[in-house]
Amino acid sequence: VCSDECESDHFGVRVCHLLNEKNPVPMVLEMMLEHVEMHGLYTEGIYRKSGSLMTTLCSDPNSACLEDYPIHTVTGLVKQWLRELPDPLMTFTHYNDFLHAVAPDCKLQHLGEAGLPPRQAGTLVCLILISSTAHNRMSPNSLAIVFAPCILRCPDSADPLLSMKDVAKTTT
């Protein structure tokens with residue numbers, strides 16, 4: 001359940017506060033991903049190399065002109081936006097269910113049973129569709145290494161060793 005948070009911010013805010021019937025995917029993320037799709041899919045290491053931070057997107061996304069920035073800046077900001085979500089797209093509540101769903105002995109149908117909330121699901125689908133296009137010069141494994149820590153985080157982030165034990169499960 002989402003609690004009241006500052007609606008003017010676009011980073012570090014629960015996904016449910018950034019969505020409505022008009023915007024099924026958070027506006028800032030959608031803007032960045034569309035820019036990546038139009039200008040950066042053929043760029044090598046697009047999500048691995050990082051650029052500088054664009055603070056304009058934090059307060060007023062409509063005034064940002066993404067064309068003024070290198071593509072690695074935009075893709076770095078996509079990852080930052082995902083990392084700053086208070087509850088990741090693949091939620092803390094069902095963290096263990098998601099890990100179980102990708103285990104070698106489980107069938108893909110179990111991922112749906114893990115309980116991804118519909119609002120997060122739409123955003124995750126958008127991210128996957130744009131990032132995994134055939135024109136992207138990153139392999140699926142490389143994309144998993146880059147995005148897994150951003151979209152699926154251990155609920156107990158206070159213990160880095162506990163978080164590291166699941167890295168192999170989330171990136172293969």
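Which hand, left or right, does the crossing of H6 and H7 have? The crossing of these two helices is right-handed, and the paragraphs below place that pair within the rest of the chain, which is a predicted model.

**The chain as a whole**

The chain holds 9 helices and 0 strands, and its elements, read from the N terminus, run α-α-α-α-α-α-α-α-α. Of the 172 residues in the chain, 41% are buried. When contacts between residues at least 6 apart in sequence are considered, 69% of them join residues that are at least 24 apart.

| Helix pair | Angle between axes | Distance between axes |
|---|---|---|
| H1 (residues 27–39) and H3 (residues 71–83) | about 145° | 10 Å |
| H6 (residues 118–131) and H7 (residues 140–151) | about 165° | 12 Å |
| H1 and H6 | roughly 15° | within 10 Å |

The pair H1 and H6, whose axes cross at roughly 15°, is roughly parallel, because an angle under 35 degrees counts as such. The crossing of H1 and H6 is left-handed. On the H1 side the contact is made by Leu29, Leu33, Glu34 and Glu37, which meet Thr123, Cys126, Leu127 and Ile130 of H6. Sorted by class, the residues of this contact are 5 nonpolar, 1 polar and 2 charged.

For H6 and H7, the angle of about 165° lies over 145 degrees, and the two helices are therefore roughly antiparallel to each other. Here Leu124, Leu127 and Ser131 of H6 meet Leu143, Phe147 and Ile151 of H7, and this contact is made up of 5 nonpolar residues, 1 polar residue and no charged ones. Leu127 of H6 takes part in the contact with H7 and also in the contact with H1.

H1 also packs against H3, and H1 passes H3 in a left-handed crossing. From H1 the contact draws on Val28, Leu29, Met32, Leu33, His35, Val36 and His39, while H3 brings Ile71, Val74, Thr75, Leu77, Val78 and Trp81. By class, 10 of these residues are nonpolar, 3 are polar and none is charged. Leu29 and Leu33 of H1 belong to this contact with H3 and to the contact with H6 as well.

Tyr47 deserves a separate look. Leaving aside residues up to four places away in sequence, tyrosine 47 touches Leu33, Val36, Thr75, Val78, Lys79, Ser131, Asn136, Met138, Leu143, Val146 and Phe147.

**A residue in a loop**

Serine 139 lies in the loop between H6 and H7. Its relative accessible area is 34%, a value between the cut-offs of 20% and 50%, and serine 139 is therefore partly exposed. Although serine 139 and glycine 45 are 94 residues apart along the chain, their C-alpha atoms are separated by 9.6 Å.

Technical notes
Residues numbered from 1 in each chain as written. Predicted model: local features only at pLDDT ≥ 70, side-chain atom pairs only at ≥ 80, totals over all residues. Heavy atoms only, no water. Axes fitted to C-alpha atoms, helices over the stretch in contact; angles between N-to-C directions. Helix = DSSP H or I, 4+ residues; strand = E, 2+ residues; numbered from the N terminus. Left-handed = near helix turned anticlockwise from the far one by under 90°. Contact = heavy atoms within 4.5 Å. Nonpolar A, V, L, I, M, F, W, Y, C, P; charged D, E, K, R; others polar. Parallel < 35°, antiparallel > 145°, perpendicular 65-115°, else oblique. Buried < 20%, exposed > 50% of the residue type's maximum accessible area, 1.4 Å probe, protein only.
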